[in-house]
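Here is a short note for a colleague who is new to this entry. Please have the sequence and the structure open while reading.

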Amino acid sequence: MNAPQKPATKKVINESGIEVKPLYTAEDVAASGGMEMVGEPGQYPFTRGIHREMYRKQPWTMRQYAGFGNPADTNQRFKYLIANGQTGLNVAFDLPTQIGLDSDDPLAEGEIGRVGMSIDTLRDFEIAFDGIDLKKITVSLTINGAAAILIAMYLAMAEKRGYDIKELRGTAQNDILKEFIGRGTWIFPVEPSIRLVGDTIEYCAKEAPKYTPVSVCGYHIRESGATPAQEMAYAFCIAKAYADDAIKRGLSVDEFAGRLSYNFNIFGNIFEQVCKFRAGRSLWAKIMKEEYGAEKPGSMWLRMIAAGGGGGLTFEQPEVNIVRGAYYALISALSGTQTMALCSYDEAYTIPTEYSARLSLRTMQLLIEEMGMTETVDPLAGSFYVETMTNEMRKKMEEIMAETDAQGGIVKMVSEGTIQAKVSSQAYGMQRKIESGEFPKVGVNCYRNEQEEDHPVEFHPYNEDDARVQIDSLKRIRAERDNTAVDAALTRLRGDATAGRNVMPALVEAVKAYASVGEMTKELVNVFGRYQEPIRF
Amino acid sequence: MNATERRIKVLLGKPGLDGHDQGAKVVARAMMDAGFEVIYTGLRQTPEQIARIALEEDVDVISLSSMAGSHLPFCRKLKPLLEANGLTDKLWVIGGNLPAQDHEALRELGFKGIFPSGSKLDAICEYIRKEVK
């Protein structure tokens, strides 16, 4: 029934624009640059992995994206996931929190606790992470526009609980440049936004040296319409922009580069994806060593979460997404990732239920426990196809990075909206290809069910009461806290922001005084202004 | 489209705080290719802003793209504003992540065209062309 039309002789070009041959031999490997960049796992240029033993020593961290309602609801979900074998947390915040609005802001109405948990003050973090051992379970905060504030809040919460901040591990997404391209939780204009990222890098390098303040995301650029090669190339351009800012502040590359990390997507063609990761690992190592003069191996490591895959999931025949997710997990394992997470099969519809989140966890656990995916490092190495494609993907990424530089660099292109226009034009092209059947999607343009059954998706309930509870709690905190201390901290914040000093110490002080996310954001908006989105087609 | 026919003018808005604009931009391009004039608002529009732009631009179609679940509270606020501005004779359309159980409520709020994720671009454009006379 309705299989896609695919003549056998048709030329195959992968999404990144590289031709895929029906057969690869040693000659192809040699012609593409040979085995020179392959090396050994744990050694420069790290194509085969950043560690010698990889998963034999420790399997990837499993970190499903989770959070909804108020902090107490989310705390329960965290504990459920941990009880089911999850080894890290990946925190989802609601949109008001992500763009720096308090729960009682009129613009927050109808959005509180909807796509993540609602956070106003330090009290909320205390509740959200209550009873979770932050040494055993590392926490990744998916926060960007308001990242400096929430990093300060996380460090303050951990300190209050008695953890040594110098030893504290954890990650914040904190990649604002990609928010201008896709995802859209920006607050401030481009330049002060980059400065804030720099403030967090500088502060963490000195005060919380094991904390990862930035996870540069190719992920959302890919979701917005980028090819796999562009995804990685643009992410590297963005990471370089942050690194350049840090170096301008007088940090040496080895002081901060080891704490940069990445977030990449895993949907698409298995081999193109795996080669993307192998290629990217060696390209990033080369950039850090040759362009930035990094000496520590850790500064050259492409540490990453290879996860998600939302862009590949379909609204049609949602249960088929369970199988897609399993293949995406395989891609992630073969890519040598440090951390894995999967979009759950119902995520084209709703935030995951406990059931679907657990299925995603089980999918990853199968690879570890039953499929032998942790036994041997980089098992695809030496394949004529994989080594050739890895070389070709690396070349493609280098070309894209050179083109970006030639057009004035990533910061300029993002500011002007040219990257946004490019990827959205590609997304449109891809949607047309899917609708015409040229790009096969099972259940969408081929193998459709004769009669589409009712979707068996159970909706995660949205609790209208959560908003009221959250607003009441914020009002209570505002009444109970020492408002003189809050005012003093906010005044210091404004002063430091205006004077161009690092705002992190003032944010930590304000957070500890229970200043709210909205209050701190307002001070910064008064100094920095708000971003105006360039609309370009 | 013959020469005397006026181009259909569409407001395509991103309501609320949702930052997922990939779909909205894809639909905007499809509408432009279909010959419509498209006013794309960009992110984070309030109900007041949507109503004001619809009035000022004298559009034929008021369309929204919502991916983050706040479509019902938003449309409840938007409806009286559109009514107060005399925009009830325009075609109101909404697309995005819209669960089937919400469609009836959206229709009652005046959204005649409902295009959940998975809708085809040509279907959206054909619907608008048919409904705007």
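What radius of gyration does chain A have, and how does that value stand beside the one for a compact globule of 537 residues?

1. Overall size of chain A. The model is predicted, so read every value as computed from it. Chain A has a radius of gyration of 23 Å. A compact globule with 537 residues would come near 24 Å, so the value for chain A agrees. Along the principal axes, the C-alpha atoms of chain A fill a box of roughly 75 × 60 × 50 Å.

2. Make-up of chain A. There are 21 helices and twelve strands in chain A. Of its 537 residues, 53% count as buried. Take the contacts in chain A with a separation of 6 or more: residues 24 or more positions apart account for 78% of them.

3. A cis peptide bond in chain A. Please look at Tyr44(A) and Pro45(A). The peptide bond that joins them is cis, with omega at about 5°. Pro45(A) sits in the loop between helix 1 (26–31) and strand 3 (61–62) of chain A. Why single this bond out? Because most peptide bonds are trans.

4. A positive phi in chain A. Next, go to the loop between helix 6 (176–181) and helix 7 (190–207) of chain A, where Arg183(A) lies. Its phi is near 90°, a positive value in a residue other than glycine. Most residues other than glycine have a negative phi. Is Arg183(A) buried or exposed? Arg183(A) counts as buried, because it has 24 C-beta neighbours inside 10 Å.

5. Overall shape of chain B. Chain B has five helices and five strands. Along the sequence they follow the pattern β-α-β-α-β-α-β-α-β-α. The radius of gyration of chain B is 14 Å, close to the 14 Å that the globule rule gives for 133 residues, so chain B is as compact as a globular protein of that length. Its C-alpha atoms fill a box of roughly 40 × 35 × 25 Å along the principal axes. Buried residues make up 52% of the 133 residues. Among contacts in chain B between residues at least 6 apart in sequence, 75% join residues at least 24 apart.

6. A strand pair in chain B. In which sense do strand 4 (residues 91–96) and strand 5 (residues 113–116) of chain B pair? They pair in the parallel sense, over four bridges. Within this pair, Gly96(B) stands opposite Pro116(B) in strand 5 of chain B.

7. A positive phi in chain B. Arg44(B) also deserves a look. Phi of Arg44(B) is near 60°, a positive value in a residue other than glycine. Its place is the loop between strand 2 (37–40) and helix 2 (47–57) of chain B. Arg44(B) is buried, because 20 other C-beta atoms lie within 10 Å.

Conventions: Residues numbered from 1 in each chain as written. Chains lettered and ligands numbered in written order. Predicted model: local features only at pLDDT ≥ 70, side-chain atom pairs only at ≥ 80, totals over all residues. Helix = DSSP H or I, 4+ residues; strand = E, 2+ residues; numbered from the N terminus. Rg over C-alpha atoms; globule rule 2.2 N^0.38 Å. Buried ≥ 20, exposed ≤ 12 C-beta atoms within 10 Å, placed from the backbone. Contact = placed C-beta atoms within 7 Å. Pairing = 2+ DSSP bridges.
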